[in-house]
Amino acid sequence: MKFYLATAFYCLSLTSTNAFSAVAPNAAKTASSVDPVDKSMTSLPKETDAFDPTAGENAALQRNNKNEVWVPQRARPRRNRKSPAMRGMVRENIVTPSNFIYPLFIHDEDFNQPIPSMPGCERHSLDSMLREVGESYALGVKTFVLFPKVPDELKTNMGVEAYNPEGIVPRAVRMIKAAYPDTIVCTDVALDPYSDQGHDGVVEDGKILNDVTIHQLCKQAVCQARAGADVVAPSDMMDGRVKAIRDALDAEGFTDVSILSYTAKYASAYYGPFRDALDSHPGFGDKKTYQQDPANGREALIEAALDAAEGADMLMVKPGMPYLDVIRRLKDYSPLPIAAYHVSGEYAMIKAACEKGWLNEKDVVLETLMCFKRAGADIILTYYAKQAAQWMKDDGLN
Ligand code: PBG
């Protein structure tokens, strides 16, 4: 926390200094000491041959009853921006900590491991994870999603560790639900943390097998539900997995466990830091045979139609910022809640720019989260969840 705040203040002072010197190098006066402006504009020094916007037959500006220069314009959108209270009254969107899902990296060690490409994030021990959940909950962040770093010796092509009831995720879910029963705990459904191939599914001859993978995902989802997961979030992009997982959960009596589907998950270069965090880079090739082509927007509607028909409760777009158009398309298309994943690479970009003093971290993060809302996201998964909630509290917003 100290680190974040120090960075924020550092960035703030740098940004304002730069802006001041770049925009108004000689402006020694404060706003209140500026001389009143003669709005007739007649006391300006007269240059010869100078253009007068109020003169001539096609004058750009007119004069009002007080001889002040006047743009005869009735609609003035600035009226709705004239004060903080006015802006607050007409504001179309609002982001609150209850909109956030906070992703947490966990591992089976008794220390925390910083993630170099995600400054401020770490792989938590389970005790530390529980503290982080408690502190976030106190700030109004009530929903979490868990991502495990699994030791290499537990990784196999079939990803069987994914449904070990004593595996790290089921244990973590039980711990959180025992200590904070009112939280919403989401679990990731995909094989990549457990795969010795570094893929989201079972591999054969360099191919990622669809239906065999879904068999494993059903076992994984039921295992997570048995541990107490409130929401399972399939991030694998296999065809037909939402229906199969829904049926598997229902058959085991988990009709109340929700499915947050990664509906439009793109084969993106923005996941690099996440794969560093979990040591889950693909062992060969890429994920382009199952994740969507970044060139395609309409294709997301096919995925959305299938997921909705198969029983998804919420639809997710991933990554976030470069895919705001996809968020908007899904929002216009489906009445289901829409989630946006502000992914690891997006987090890393903001962190890096702020460390250099090039952006004001607090302002740019709160703006980014608001933009997800405006684009149509009801839910925002972000590594900034706890920090943003803290900033909102500091500003009296939650
Ligand atoms: C894998 C998974 C990934 C992310 C969430 N789940 C990476 C991938 O698809 O390779 C990325 C999240 C991030 O970058 O923050 N099932």
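Modeller: Start at the ligand. One of its oxygen atoms is 2.7 Å from an N or O atom in the side chain of Lys-265. Keep in mind that this is a predicted model.

Biologist: Which side chain has an N or O atom 3.0 Å from a nitrogen atom of the ligand?

Modeller: That side chain belongs to Asp-192. Lys-287 also takes part: an N or O atom of its side chain is 2.7 Å from a ligand oxygen. As for cover, the ligand on its own has 400 Å² of accessible area, and the protein covers 100% of it.

Biologist: How many residues surround the ligand?

Modeller: The count is 18. The closest are Arg-275, Lys-287, Lys-318, Ser-344 and Tyr-383. Hold on to Tyr-383. We meet its ring next.

Biologist: How is a pair of aromatic rings described?

Modeller: By two values: the distance of the centres and the angle of the planes. Here there are twelve aromatic pairs. Take Tyr-341 and Tyr-383: their ring centres are 6.1 Å apart and their planes meet at 45 degrees, so this pair is tilted. The tilted class lies between stacked, under 30 degrees, and edge-to-face, over 60.

Biologist: Is Tyr-341 buried or exposed?

Modeller: Buried, at 1% relative accessible area. Tyr-383 is buried too, at 2%. The cut-off for buried is under 20%. Both tyrosines belong to one aromatic cluster, whose members also include Phe-105, Phe-147, Tyr-262 and Trp-391.

Biologist: Now the strand. How many residues of E13 are buried?

Modeller: Five of its five, and E13 is mostly covered. Both faces are covered. Ile-338, Ala-340 and His-342 lie on one side, with Ala-339 and Tyr-341 on the other.

Biologist: Which strand do three bridges join to E13?

Modeller: Strand E12 (residues 314–318), and the two run parallel.

Biologist: One more ring feature. Which ring has the charged end of Lys-142 over it?

Modeller: The ring of Tyr-137, with the charged end 5.9 Å from its centre. The distance cut-off is within 6 Å. Another case is Lys-219, which lies over the face of Tyr-163 at 4.9 Å from the ring centre.

Definitions and conventions:
Residues are numbered from 1 along each chain as its sequence is written. This is a predicted model: local features need pLDDT of at least 70, side-chain atom pairs count only at pLDDT 80 or more; totals for chains, interfaces and linings use all residues. Side-chain values use heavy atoms; hydrogens and water are left out. Rings of Phe, Tyr and Trp (its six-membered ring) pair if their centres lie within 6.5 Å; planes under 30 degrees apart count as stacked, over 60 as edge-to-face and the rest as tilted. Buried means under 20% relative accessible area, exposed over 50%, partly exposed in between (1.4 Å probe, protein chains only). A charge sits over a ring if NZ of Lys or CZ of Arg is within 6 Å of the ring centre and within 35 degrees of the ring normal. A residue is near a molecule or strand if one of its heavy atoms lies within 4 Å of it. A polar contact is a pair of N or O atoms within 3.5 Å; within protein, one must be able to donate a hydrogen and the other to accept it, and residues adjacent in sequence count only if both atoms are side-chain atoms. Accessible areas come from the Shrake-Rupley method with a 1.4 Å probe; for residues, only the protein chains shown count as cover. Helices (H or I, at least four residues) and strands (E, at least two) are DSSP runs, numbered from the N terminus. Two strands pair if DSSP finds at least two bridges between them.
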